[in-house]
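Thanks for sending this one over.

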Amino acid sequence: MASAADVTQLIGNTPLLYLRQVSERTGCRIFGKAEFMNPGGSVKDRTALGIIRAAEASGELRPGGRIVEGTAGNTGIGLTLLANALGYTSTVVMPISQSREKIDTLELLGADLHLVPATSYSEPGHYIHTAQRLAEKFASSEAAGAVWARQFDNLANMAVHRDTTGEEIWQQTEGEIDGFICAVGTGGTLAGVSQALKAHRESITIGLADPQGASLSQYFNCGELTPSAGSSIMEGIGINHITGNVAQARVDTAFTVTDEEALPLLFDLLQHEGLCLGGSAGVNIAGAVKLAEQLGPGHTIVTILCDYGNRYQSKLFNPAFLHNKGLPVPPWLDI
């Protein structure tokens, strides 16, 4: 009988999906890797699994131990699902500014959830620093100990995407790929996929799609870690420092994507192609369009479809919220 032994075996091997509208618009073949099909609903399931397996192999994570992480939500969801399945406990620290849907999901899954104010990375109350302090406390007070997942700087994040996501893309395109692009939350996906693809063919163009207010587009294009003008409502992406994983990325070109560019692509994708996706997918698709325009017609480009849109319904698909932010609202959603 063909079956999966546990939930870990359901992670990865996601299909590539042809994105018809943007492909026709650019004259390129643009594909999205359907990471929303992972059991936890996002690309971060891979990150969670890679971090857990590396911690087990090193002996840092012991049977019955606790996994602590600061996250915008999706990594916490993946870690909690896997902790439940593998006999661990999950503690998640998340900014209270994240969507209500992700907070509700973590509570549903039974995470030990700590919500903290949204602050800059330089402040001690930032969710990452809070997670580190909690991990240190649990490590000294609990019999089975605790580990801090450290998704931003833990290179197990990059490694799992190099060994799985990147290799899957190469195999699924049969090596007929000219460009890959995605946004950065931790840098693990971009670093891992870029390393895998360039190991196969150095000439593959690797792009970064950065939301407004983030610094990596300027960093990779000009060498300066300076935030772009404006801000973004997109969750889980857009950072202003170089993480351990970002430092491993092989980036050839970078673009800043506005919410005004990304949101209509999301709305059209739902209305005309039947896909309801989150904001980071919109930034990624907009980035793929910019990369296609740079490379010219006839090229094959892959990006990441990170998670489902229902995880952000109260923001991305809320006409009152969008109106208040001065952002575009599709006619079918408007009231």
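1. Domain bounds here come from an automatic or database domain assignment. On that basis, the protein chain splits into domain 1 (5–36 + 168–321) and domain 2 (41–146). Taken over C-alpha atoms, the centres of domain 1 and domain 2 lie 24 Å apart.

2. A word on the source: this is a predicted model, where local features need pLDDT of at least 70, side-chain atom pairs count only at pLDDT 80 or more, and totals for chains, interfaces and linings use all residues. Residues are numbered from 1 along each chain as its sequence is written, and side-chain values use heavy atoms, with hydrogens and water left out.

3. How many residues of each domain are in contact? Counting heavy atoms within 4.5 Å as contact, 25 residues of domain 1 touch 21 residues of domain 2. Together the two domains bury about 1,800 Å², with 53% of it on carbon and sulfur atoms; buried area is the accessible area (1.4 Å probe) that two parts lose on being put together, summed over both.

4. For charges, the interface of domain 1 and domain 2 has three salt bridges, meaning a side-chain nitrogen of Lys or Arg within 4 Å of a carboxyl oxygen of Asp or Glu.

5. Cys276 is in no disulfide either, with the nearest cysteine sulfur, that of Cys306, 14 Å away.

Definitions and conventions:
Disulfide = S-S within 2.5 Å.
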